[in-house]
Number of protein chains: 2
Amino acid sequence: MPRIASRPETPQQGRLLRLLRDSGPHSRAELGEALKLSRSKLAHEVDRLTELEFVESGGFAASRGGRRSSIVRLSKHLRFVGVDIGATSVDVAITDGQLDVLGHGNAEIGVHNGPDTVLDTALDLLSKLRADGTAPDIHGAGVGIPGPVSFRDGAPVAPPIMPGWDQYPVRETMSQALGVPVQVDNDVNLMALGELHAGVARSVDDFLLVKIGTGIGCGIVVGGELHRGVSGSAGDIGHIQIEENGPPCACGNSGCLEAYASGAALARDAMAAARAGKSPRLAELFEKSGALSAADVTDAVSVGDPAAVQLLRSGGHRVGQVLASLVSFFNPGLVVVAGGVAGAGHSLLAEMRSAVYRRSLPLATGNLPIVLSELAAAAGVVGGARLISDQVLSVPRGIEER
Amino acid sequence: MPRIASRPETPQQGRLLRLLRDSGPHSRAELGEALKLSRSKLAHEVDRLTELEFVESGGFAASRGGRRSSIVRLSKHLRFVGVDIGATSVDVAITDGQLDVLGHGNAEIGVHNGPDTVLDTALDLLSKLRADGTAPDIHGAGVGIPGPVSFRDGAPVAPPIMPGWDQYPVRETMSQALGVPVQVDNDVNLMALGELHAGVARSVDDFLLVKIGTGIGCGIVVGGELHRGVSGSAGDIGHIQIEENGPPCACGNSGCLEAYASGAALARDAMAAARAGKSPRLAELFEKSGALSAADVTDAVSVGDPAAVQLLRSGGHRVGQVLASLVSFFNPGLVVVAGGVAGAGHSLLAEMRSAVYRRSLPLATGNLPIVLSELAAAAGVVGGARLISDQVLSVPRGIEER
């Protein structure tokens with residue numbers, strides 16, 4: 001298996017490895033063409049990657065008339081880990097070199113329990129997954145956090161719903177526990193990377209991923225790369241102000257998008273509807289547990305409760321209002337909608353679409369699909385594996401090509 | 001002088017030329033370091049560029065202890081042209097290889113006169129500038145248009161204020177008239193390129209340029225490159241809706257940013273203020289000419305007319321409202337404010353800043369300068385020269401490096 005600390009030694013080796021990761025085994029002839037390398041230069045790079053145990057031979061390709069070209073593929077021992085820390089749960093997956101998920105574990109745990117408890121839970125899940133011998137060695141892990149992250153420092157920055165996490169060295173902690181390279185990013189960016197790698201955005205260079213869950217955020221992909229912005233806060237759209245005198249937001253301001261359309265806002269409005277006697281189903285659920293969540297709204301929508309459908313529509317309209325401006329500004333090729341609330345019902349997506357198609361520039365919406373995430377809950381963990389594999393399968397910084 | 005149709009033949013030659021364009025003459029030793037080329041490889045590339053007459057020798061550098069290294073500079077015969085077509089005027093400039101302006105001409109002509117008349121005016125201005133022998137040959141021209149442009153086709157697309165321009169082949173027309181490569185883009189994108197090359201955004205990779213003139217638009221630079229979006233409409237923020245039931249906009253919708261804060265909206269509100277007897281200065285100007293323009297508001301602001309100052313403040317507040325959302329979304333390193341209205345007074349900029357600093361995420365505004373354009377009227381023509389020089393000083397497409 002690839003030595004844990006190995007990294008490719010030339011930019012060509014990195015490109016070759018990422019090509020094998022993204023589109024599977026290739027013949028040497030195909031690799032030479034794709035990378036514009038001569039046969040001898042390619043042979044040299046493949047030999048070196050074989051010595052480093054990143055790649056292996058996969059037999060011979062069908063003849064194209066001349067000598068049969070041998071197949072090169074990623075080592076079948078390569079393993080990446082994706083960790084997706086949500087507000088109320090943790091997901092962990094192990095993938096192979098092509099980022100196909102080999103094993104997946106989940107635990108319900110609130111992020112408010114603090115980093116020590118939550119990261120221990122993630123490590124436990126990973127140990128259980130590895131107990132069957134799926135991943136005797138792993139080569140890196142990518143971790144998603146439900147709040148602002150300093151990508152450079154590998155730590156959360158003043159995350160609003162995460163007591164104890166501010167500046168906590170998540171990257172160092174996980175890297176030391178696992179003995180491999182780790183990268184940390186916010187959960188929405190990882191979902192965007194996941195959809196870019198294996199989901200609905202696979203062939204799209206410029207797209208937005210809008211997550212509507214407990215909070216609301218956006219991942220921005222430009223030219224096939226995440227756009228994080230100069231302070232790493234790009235895509236933080238949950239606190240864009242919709243109305244000056246709107247409802248109060250948890251952030252301290254008022255009229256923010258999240259104060260209208262997040263899971264928390266839905267739960268608040270659902271309780272109001274239950275108390276006001278506007279929804280028999282929500283009232284029934286409220287009576288049972290003494291509180292309501294966004295999931296209860298979903299439940300009520302699934303039985304056709306009109307008040308619940310109206311709540312979801314209203315949320316979709318508000319998100320669509322903000323998205324319409326962003327589409328005019330950014331002119332993406334695709335909008336992917338993800339997150340627990342987004343998955344709740346078609347009425348939310350329909351309202352979002354309607355707001356965007358009505359209000360954005362015609363030139364920007366002429367050919368703009370607005371679709372649900374394909375990977376759903378797996379987007380974050382696949383994105384985590386993608387993030388760290390981008391690092392592990394590239395030359396170390398400083399010897400990059402210019 | 002460089003042969004007109006020449007192009008660099010290798011990616012290294014392109015990088016070398018753009019480095020000389022952006023940071024002036026360099027010694028061979030410096031070039032070798034910057035481009036990571038061996039002495040012999042560099043000598044080969046410089047020799048070839050000398051044969052193509054793109055570069056020339058500029059004497060010897062001061063000794064660094066060993067043999068003195070000879071200086072390489074761009075040919076002093078290189079000439080680029082920038083053409084900036086505004087709603088009511090045309091600007092043309094000739095630059096040298098480093099895009100320093102050698103000559104500049106301007107004519108008042110409305111874009112509503114149609115492409116034949118306006119482009120002829122631009123060509124006349126250029127002929128006059130060339131009459132003194134400044135530019136016996138030119139090597140390319142970049143043209144800015146005050147409306148949506150298909151960059152790929154080199155033609156305007158349904159520009160709202162430009163009868164006769166829709167799909168007009170501006171690139172082909174100008175290219176045939178001048179016998180050189182031409183590129184066409186919208187005026188705001190070119191202003192952003194101008195500020196990137198020689199203005200306040202010189203060392204900034206990710207920034208926004210907001211132009212407030214007859215219309216309102218935004219240039220987006222990501223990683224030192226223009227972001228045009230999938231249909232080329234990125235940055236078209238003038239028709240972002242601020243209020244559902246706001247004033248009617250020329251586009252047919254209501255409540256658009258331009259309906260509140262463009263030069264046209266200012267003129268409309270100024271006439272209302274004059275008629276209502278709220279502003280002695282505006283009433284006086286209105287009586288003189290029977291109409292008011294944004295420039296009249298500027299005039300009234302300069303003499304301290306309170307109603308005019310209030311108009312400008314109100315416009316700044318509206319632009320700031322939209323900009324606050326875009327800053328949260330995009331997390332730029334700098335916002336440059338340009339255009340005729342923006343230059344009108346500090347009160348507009350102050351209101352914009354206040355709205356952004358109050359409403360955007362603290363993480364996104366912690367270190368975010370919002371400043372006036374440095375190049376002002378020259379930004380468009382320098383940007384035009386930059387746009388075409390990017391093409392002329394690069395290897396033709398298809399033999400680019402991967």
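At what angle do the axes of helix α6 and helix α14 of chain B cross? In this predicted model, where local features need pLDDT of at least 70, side-chain atom pairs count only at pLDDT 80 or more, and totals for chains, interfaces and linings use all residues, the numbering of residues runs from 1 along each chain as its sequence is written. Chains are lettered from A in the order in which they are written, and side-chain values use heavy atoms, with hydrogens and water left out.

The axes of α6(B) (residues 187-198) and α14(B) (residues 379-392) cross at roughly 85° and come within 7 Å; axes are lines fitted to C-alpha atoms, for helices over the stretch in contact, with angles from 0 to 180 degrees between N-to-C directions. Helices are DSSP runs (H or I, at least four residues) numbered from the N terminus. The two helices are therefore roughly perpendicular (65 to 115 degrees).

Turning to the pair of chains, a rotation of 180° with 0.0 Å of shift along its axis places chain B on chain A with an RMSD of 0.1 Å, superposed by least squares on the C-alpha atoms of residues with pLDDT of at least 70 in both. The copies are thus related as by a two-fold rotation axis. In chain B, B:Leu326 has the C-alpha nearest this axis, 3.7 Å away.

Two salt bridges are counted between the chains (a side-chain nitrogen of Lys or Arg within 4 Å of a carboxyl oxygen of Asp or Glu). B:Arg359 forms a salt bridge with A:Glu244, with 3.2 Å between the closest N and O atoms.

Note on methods. Parallel < 35°, antiparallel > 145°, perpendicular 65-115°, else oblique.
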